[in-house]
Structure formats: structure tokens, C-alpha cells
Amino acid sequence: MLALADPDLDHGPRTDKSATMRMCAVSREVRGIDELIRFVVAPSGDVVPDLKRKLPGRGLWVSASRRTVAEAVRRHQFSRGFKRDVRVAATLPADTEALLERSCTEALAMAAKAGQVISGFAKVQGLLEQGRADVLIHASDGAADGIRKLDAIAGQRGRNVGESRDLPVVTALTSAQLDLALGRSNVIHAALLAGPASKTFLSRCQILVRYRTDDDDKTGDGGQKF
């Protein structure tokens, strides 16, 4: 439930665990908390994003888009919302994006530990041809030819088995970020098997892409590409 006396701030993570809707401090729209980012004031006085919604203190919510976070910085919305002098880095929109990227790589690493990730062109191709891939991953800086070939196999497989949905394709991370997540070098292509860890990774990628593109449909092109 929103705090009527102060709609900009929550009452802390321990008291608002059941809240599913909050108001964006910039647009004044009430949205699901999955479409927003919580910000708090650190002991140093700096405003920091709280992606897991667990940091202590009262929180200010902003729509999960880089453009809106930048607008909050430009309007001095954090000082107004927290009703005190706070320090807001000019790099807060980029810093928030970096944290979202880290959240994705951490989720991918967890999926790998759970045995739900394979990497390498040939292995990914084999998994696609067997119809066992649940998510296809390409490095954002990978070569177009390899990406096109694997996308074609994924599309053909869907048509052959009559699947009603496209295979989700993630291109939100660079090769260096995939290397970091999987503990290998030069990772360009990977695929995830079905499982809870894979769902978590895909959900975090959706949030990252929405943040970058300011797309309410959570994708950059309206399809299953993240």
C-alpha cells in the first residue's frame, strides 16, 4: 500500500515487503515494482540504486529506464524526494546500468554452476538441433555470420516442431562479460537449458534491455530478443 502521507518514499524493506506497486518519483505513474528501481541514501550521503530492494532506510522509486533516471538527476528529484541534501553522481544512470549488467552476469554464472549453460558454436548448434535449448545467447560484439547461422537453426527448429513461441535470444552482454560469467575466454555463443536459474537470467536481461531502451514491452524490437 502506498504511504499517503509521503507518496515518494517507502518505509524501508522490512515494512514494505508486501508492496507490489509504487509511484515513480519522476513520472508520478504508479507501476509494478518490477518496472521500477529503488534508490536509497547510503551512510556517506550518496544516492545509490538498490536493485534487490533490501538496503535499509527509506527508498525512492524511479521507473527502470536510463532516460528516466537521467531525468531524475537533472531535475534534482532525489534531493526533493528524500527531503534532504544528498549527493547524486552525474554518472548515476551509467552506474545503475553497470549494476544491472553485473546482475545479469551473476545470474548467468549461477546458471552455469547449476549445469544449465553450454558454450561454443558447435555445442550450441547441437543443442539447438536437438531442440533442447531454452535460451540462445550471442555476444553483442560477436560476428554477424555466426549469429545469423545459429538464429536460422533456432528459427527452423521452431517451425519443425510447431512451437508457438520464438526461442528467446539474448544479445545484451559483450564477449568479455560472457567470459567473466562463464570463467572462459572468447565466449561468443552460449545456450541455456530449461531451469530456474535460466529463468532468473532471462528476467534480469529483460530488465537490463528495458532500462537501456526505455521499452515498456521489455524488448528492443517487440520480439523475444533481449
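Which helix holds both D145 and K149, and how many residues apart are they? The first legend below gives the answer; the model shown in every view is predicted.

**View 1**
D145 and K149 both belong to helix α5 (residues 144-161) and are four residues apart, about one turn of the helix. An α-helix has 3.6 residues a turn, so residues three or four places apart point the same way. The side chains of D145 and K149 form a salt bridge, with 3.3 Å between the closest N and O atoms. D145 is partly exposed because its relative accessibility is 40%, which lies between the 20% and 50% limits. K149 has a relative accessible area of 45% and is therefore also partly exposed. Elsewhere, salt bridges with shared partners join R66, E97, E101 and R212 into one network.

**View 1. The salt bridge between R38 and D10.**
Side chains of opposite charge can pair when their charged atoms come close. R38 and D10 meet in a salt bridge with an N to O distance of 2.7 Å. This pair connects distant parts of the chain: R38 is in strand β3, while D10 is in the segment before β1 (21-23), and 28 residues separate the two. Both R38 and D10 are buried. By the rule applied here, the model has a count of 13 salt bridges.

**View 2. The salt bridge between E35 and R31.**
The closest N and O atoms of E35 and R31 are 3.1 Å apart, and the two residues form a salt bridge. R31 is buried because its relative accessible area, 14%, is under 20%.

**View 3. The hairpin of β3 and β4.**
Strand β3 (residues 36-41) pairs with strand β4 (residues 47-50) in the antiparallel sense, over four bridges. V40 has V48 of β4 as its bridge partner. Five residues lie between the strands of this hairpin, and G45 takes a positive phi near 95°.

**View 4. Helix α3 and its end.**
Helix α3 (residues 92-113) has 22 residues, which at 1.5 Å a residue should span 32 Å; the end C-alpha atoms are 31 Å apart, so the two values agree. G115 follows α3 and has a positive phi, near 75°.

**View 5. The crossing of α3 and α6.**
Two packed helices are described by the angle between their axes and the distance between the axes. For α3 and helix α6 (residues 175-182), the axes come within 8 Å and cross at roughly 45°. This angle makes α3 oblique to α6. The crossing of α3 past α6 is right-handed.

Strands of a sheet pair through backbone hydrogen bonds, either parallel or antiparallel. Here four strands form an open sheet in the order β6-β9-β7-β8, with mixed pairing. Its edge strands are β6 (117-119) and β8 (169-170), each pairing on one side only. Strand β7 (residues 135-138) pairs with β8 in the parallel sense over two bridges. In that pairing, V170 of β8 is the bridge partner of I137.

Methods
Residues numbered from 1 in each chain as written. Predicted model: local features only at pLDDT ≥ 70, side-chain atom pairs only at ≥ 80, totals over all residues. Heavy atoms only, no water. Pairing = 2+ DSSP bridges. Expected span 1.5 Å × (residues − 1). Salt bridge = Lys/Arg side-chain N within 4 Å of Asp/Glu carboxyl O. Buried < 20%, exposed > 50% of the residue type's maximum accessible area, 1.4 Å probe, protein only. Axes fitted to C-alpha atoms, helices over the stretch in contact; angles between N-to-C directions. Parallel < 35°, antiparallel > 145°, perpendicular 65-115°, else oblique. Left-handed = near helix turned anticlockwise from the far one by under 90°.
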